[in-house]
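Here is a short briefing on the structure below. Please keep the 3D view open while reading.

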Amino acid sequence: MATTALPIGRTRRRWHIFDVIQDYATTVDHKKIGQMYLGLTFFFFLLGGLMALLVRLELAFPGSRLLSPDMYNQLFTMHGTTMIFLFIIPMWAGMGNYFIPLMIGAADMAFPRINALSLWLLLTAGIVLEMGFVAGSGAAAGGWTGYTPLTEKTYSPTLSIDFWIIGLILVGTSSLGGSVNFLVTLYRMRAPGMSWFRIPMFAWSILTMSLMILFATPMITGALIMLLADRNLGAHFFDPALNDTRLWQNMFWFYSHPAVYIMILPAFGIVSEIVPVFSGKPLFGYKAMAFATVGIALLGFTVWAHHMFATGLTPVLQGFFMAATMLIALPTGVKFFNWIATMWYGNLRFDTPMLYAVGLMTMFLIGGINGVFLALVPIDWQMTDTYWVVAHIHYVLFGGSVFGIFAGLYYWLPKITGRMLSERLGRVQFWVMMIGFNLTFFPQHMLGLLGMPRRIYTYRADLGFNTYNLISTIGSQMIALSVLIFLINFFISLRNGAIAGDDPWRANTLEWATSSPPPPHNFDVVPLVTSERPVRDRRIEREGRREAAKVKPSPADKQTIGS
Ligand code: HEM
Ligand SMILES: [Cu+2]
């Protein structure tokens, strides 16, 4: 049989692809692991987004029969599960993986092999979690909160919930490994001179996120193992005949409320990186910002039962959890005040990263305000499980975390790829997203006030829900369009984007002191740090010297950082 010899070029290119695959499959380099986290979690964003689009299509008109009731339950359950556990939380592991070693002047993470293991555990978890859609059982349909007894064998007899449980245990193990890695890296591997109050604010947020993961994840892992035992080993942990059904809710929310800060603090950290750079001023109140980050985390462990106001808690408990929830507004307010003070009389540049940073501030603020409504017990009794809650979830998690992720992508992708994204496309993408986002989720406030329950697959035409739902569905498609524009911008920039250079934004922190993309060893010389803005220090010093000498800078200049 005659084989057509492939032209040398194509054969070499084919072997090269295998080399790349083998390289990434076996790597322990934090940058490559970081890239794979970014790619994998963004894929899950697209998957979770697709599920949301289907949910919205079903709700576009009253009495729709696009989806069966069970498929609808599977889609919103897996939408929430995918977005939280496979997209946002591990996205921070991805951005942290790529940038924390660079930002502190280290060559890699403390435990490179555990780092790789965490990534592959996440991939395995994703396959197991989504497996239900292709296995005969169907995917989990008990809501992302998995309340018992609905998720017990009696009411969910198929394997769908077992896939969900095992998948979440794997995600938890992956993020626990990651958090240990971040904590040791930040504690042991900082550049000379980089004391705790000189680490970048993003590093403070990853430090705090990792501590929260360490203290919260064991609780949900325990609850999941107990539920697995109930379903498969005849245990009775959550059996309503023998135990208080609120046991699952307490254990689930003891993790899941801190989890919302695990999802938002890194986004706040990115805003605290971007706002000073695009205002041309130091971050206002660095120490207050660091303490506010830790303060939010500590208070975040004292409020979980605000999700259970309607489950018959005693008035004293309701009072305590209501007050504790209100208190969190204080450290959050400090952050907003400091960002605005940083911008005040600043030399403001509204490149796309800054647009998203300010977008986060405005949208998260709305999420914070509609959240305070829910923190008030009497109002929550009316609003719990309505579309007001769905609006709240999305103003804080989409308006907060996702806007933060896009701010981080526009700010940091030039460092990863060496190419700038198109600023024009970036701005179009931002405004399509901003308008689409508000069209999708703002009308949900009104639906909640009108009493529309969440998690219903259809509704009657005479309840006044129609127009708001149609607008919300149109908005969701605009969000999809904006994500498509982002992907186009990203792939075009890989080939045709302007060369980024070391420091395209005239930034402050060490990741901008090395090339774009960075060399495998990150830095030729381990930098000496004398402030929380080492790259700015170096730039000022170099420009000052250039001014003074009016001579072209010698290559030697490039080697000295922060001296
Ligand atoms: C891409 C645009 C998105 C759209 C159009 C969308 C839409 C929706 C809708 C309509 C629901 C309510 C389903 C129901 O109660 O019947 C929902 C639930 C939810 N969404 Fe989204 N969403 C989007 C993005 C996100 C993102 C980025 C997150 C991030 C974490 C998220 C997290 C959730 C959660 C946790 C629920 C609750 C699921 C449950 O009730 O079990 N969504 N979403
Ligand atoms: Cu909460």
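The model is predicted. The iron atom of ligand 1 is held by His79 and His394. The copper ion (ligand 2) is held by His257, His306 and His307.

**Iron site, ligand 1**

- His79 and His394 each coordinate the iron atom through NE2, at 2.0 Å.
- The two histidines come from distant parts of the chain: His79 sits in helix α3 (residues 69–103) and His394 in helix α13 (residues 387–417), 315 residues apart.
- For comparison, ideal angles for six octahedral donors are 90 or 180 degrees.
- Both histidines, His79 and His394, are buried.

**Shell around ligand 1**

- There are 25 residues around ligand 1, and those that come nearest are Tyr72, His79, His394, Arg454 and Arg455.
- The side chain of Tyr72 places an N or O atom 2.5 Å from an oxygen atom of ligand 1.
- For the side chain of Arg454, the distance from an N or O atom to an oxygen atom of ligand 1 is 2.9 Å.
- A nitrogen atom of ligand 1 lies 2.8 Å from an N or O atom in the His79 side chain.
- Helices α2 (30–59), α3, α13 and α14 (423–441) are the elements that give two or more residues to this shell.
- By type, the shell residues divide into 16 nonpolar, six polar and three charged.

**Copper site, ligand 2**

- The copper ion is coordinated by ND1 of His257, NE2 of His306 and NE2 of His307, at 1.9 to 2.0 Å.
- Along the chain, these donors follow the spacing H-x48-H-H.
- His257 belongs to helix α7 (residues 246–279), while His307 lies in the loop between α8 (286–300) and α9 (315–327), 50 residues apart.
- His257 has 6% relative accessibility, so it counts as buried.
- His307 has a relative accessible area of 29%, so it is partly exposed.

**Asn522**

- Asn522 lies in the loop between α16 (466–496) and α17 (534–549).
- The side chains of Asn522 and His30 are joined by a polar contact of 3.0 Å.
- Beyond its neighbours within four places in sequence, Asn522 is in contact with residues including His30, Lys31, Pro101, Leu102, Asp108 and Thr514.

Definitions and conventions. Residues numbered from 1 in each chain as written. Chains lettered and ligands numbered in written order. Predicted model: local features only at pLDDT ≥ 70, side-chain atom pairs only at ≥ 80, totals over all residues. Heavy atoms only, no water. Donors = N, O, S within 2.8 Å, 3.2 Å for Na, K, Ca; no water. Helix = DSSP H or I, 4+ residues; strand = E, 2+ residues; numbered from the N terminus. Buried < 20%, exposed > 50% of the residue type's maximum accessible area, 1.4 Å probe, protein only. Near = heavy atom within 4 Å. Polar contact = N/O pair within 3.5 Å; in protein donor to acceptor, adjacent residues only side chain to side chain. Nonpolar A, V, L, I, M, F, W, Y, C, P; charged D, E, K, R; others polar. Contact = heavy atoms within 4.5 Å.
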